[in-house]
Amino acid sequence: MPRDIRSLTREELAGLFEEWKQPGYRVDQLLHWLHARRAVHWGTMTNLPKALRQQLSAHFLLQPLELFHKQGSRDSTQKFLWRLSDGAFVESVLIPANPALYGEASDRHTLCVSTQVGCAYGCKFCASGLDGWKRNLTAAEIIDQVYGVERWNAGESQSGAQPPTEHATRNTPEAPRLINNLVIMGMGEPLANYDHLLAALRILNAPWGGGIGARKITVSTSGLAPQIRKLADDPMQLRLAVSLHGATDAVRERLMPVNRKYPLKELLAACDYYQKRKGRMITFEYILIAGVNDSLDQAPPLAELSKRLHAKVNLIPYNTVEGLPWHRPAESVCQAFVTALERRGVTATLRREKGHDIDAACGQLRLRTERGTQATQG
Ligand code: SAH
Ligand code: SF4
C-alpha cells in the first residue's frame, strides 16, 4: 500500500528528490502545496513540472478524509465525522476559544483528534471502546483531521455558508491557520498507536508542516506506563494528560481494565519519570461519575497523589453514553469535589463542558452513525 505523501518528512522528501535528480528547491515547493495550502489534487501544483507530478502520483497517495457529517452546537463547538478510505468512521471536535485548560495561553481554536478506529482498552464508561478496536489510523489520517477542518473553514469563510462535502475536499487558497492547539483525546488510545502518532505530531509540529507548537499539543493516555516513559525520552516537548478517574486501584480497576496491567504504582512512577525528564506539569483527568468516584472520601487520596506528582487535576462531569448505566453527578456534587481538592492545596479545574449537547465525548457520534449505517444496511 503506497504512503500518503503528507506523511513524509522534509528529510525523506529531500532524499527522494535527490534520487530522482530533482533540484532541491522542489522540496519546499511541494511542502508548501501540501502543508501551507493543504492541496489535495496533484493537478493544482502548477509550479511543479507535470512529469514530476506524474511520478509522485505513481508512488504516493494524496487522499483527503471525506467529511461525512458535521454537527455544530449552540455554543459553536463543532464535530466532524470523517469517512476513511476503507469506509470506517472517526471524529474530530473543534472547540473555539479554549479557556486555557492545559495551562496554555488563551487561544483561537483547539482541535480534538482521533488516533484509532475504535479502542481496545474497553473503559467501562466510554463509547469509543464499545465495539472494540478496528485499526490504527495512519499518520496522514491523523494529520488530515487538522487540514480537513482548515479546508472546511477556508471554504466556509469564502462562501459564508456550510459548504457541501465535495467542496470541503477541494484545495483552498493560502489562509491563516485555524488550529493552534491540539488535544489527542478523540477516539482511541494514542500511545497504542505510538509510531504513527509521533510521525504525525512531528509533521504537525514542523515549521514547514502544520506549524503547531509542541507545547500546544496535549496527548491523553489511559495510562500505558512503558509508552509514557518512551514519550518522556522523546525530544518533543509535548504535554501529557493521564486519564486517572480513580485515586485507588480499587476504584480505578472498576472503570478501567488497563489498571490491571499497569496498576497505579507503576503508572505514577512513569508519570514521575515524564515530569522529571520534561520539567513540566502533567494533568490528571478525572471524570466524575455519580456514585462511582464522586464521593468526598475520594478527594484525599486524589489530592495526595496529585501533590506528590505535582500534577494538576482536570475534573470532567461525565457525559452520558446511550446504553451505559453511568450518570453525571449533580452540579453541587462536582463543585464540592473541586473545593475539597483546592482546600488540600491542589490546582484543580472543573471543566465546563462545551458541546455536551452534540455528544462531544469521544466516540459517540461515530458509534451512533456506524450502528445506524449497519442497521439500514441490514
Ligand atoms: N484513550 C485516551 C484518549 C481518548 S479518551 C484516554 O483514555 O485518555 C479522552 C478522554 O475522554 C479520557 O480522559 C476519557 O476518559 C474521557 N472520556 C471518555 N468517555 C467519556 C464520557 N462519556 N464522558 C466524559 N469523558 C469521557
Ligand atoms: Fe479507549 Fe480512552 Fe475510551 Fe478508555 S477512555 S476506551 S482508553 S478511548
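**Helix pair and ligand shell**

Q: Is the crossing of H11 and H12 left-handed or right-handed?
A: Helices here are DSSP runs (H or I, at least four residues; strands are E, at least two), numbered from the N terminus. A crossing is right-handed if the near helix is turned clockwise from the far one by less than a right angle, left-handed if anticlockwise. The H11 and H12 crossing is right-handed.

Q: Which pLDDT do local features need in this predicted model?
A: Residues are numbered from 1 along each chain, chains are lettered from A and ligands numbered from 1 as written, and side-chain values use heavy atoms, leaving out hydrogens and water. Totals for chains, interfaces and linings use all residues, side-chain atom pairs count only at pLDDT 80 or more, and local features need at least 70.

Q: Why are H11 and H12 oblique to each other?
A: H11 (299-308) and H12 (331-343) have axes 9 Å apart, at about 45 degrees. Axes are lines fitted to C-alpha atoms over the contact stretch, with angles from 0 to 180 degrees between N-to-C directions. Angles under 35 degrees are roughly parallel, over 145 roughly antiparallel, 65 to 115 roughly perpendicular, the rest oblique. H11 and H12 are therefore oblique.

Q: How far is the side chain of histidine 245 from an oxygen atom of ligand 1?
A: Ligand 1 has 19 residues around it (a heavy atom within 4 Å). Serine 220 places a side-chain N or O atom 2.7 Å from a ligand oxygen. For a polar side-chain atom of histidine 245, the distance to a ligand 1 oxygen is 2.6 Å.

Methods:
A polar contact is a pair of N or O atoms within 3.5 Å; within protein, one must be able to donate a hydrogen and the other to accept it, and residues adjacent in sequence count only if both atoms are side-chain atoms.
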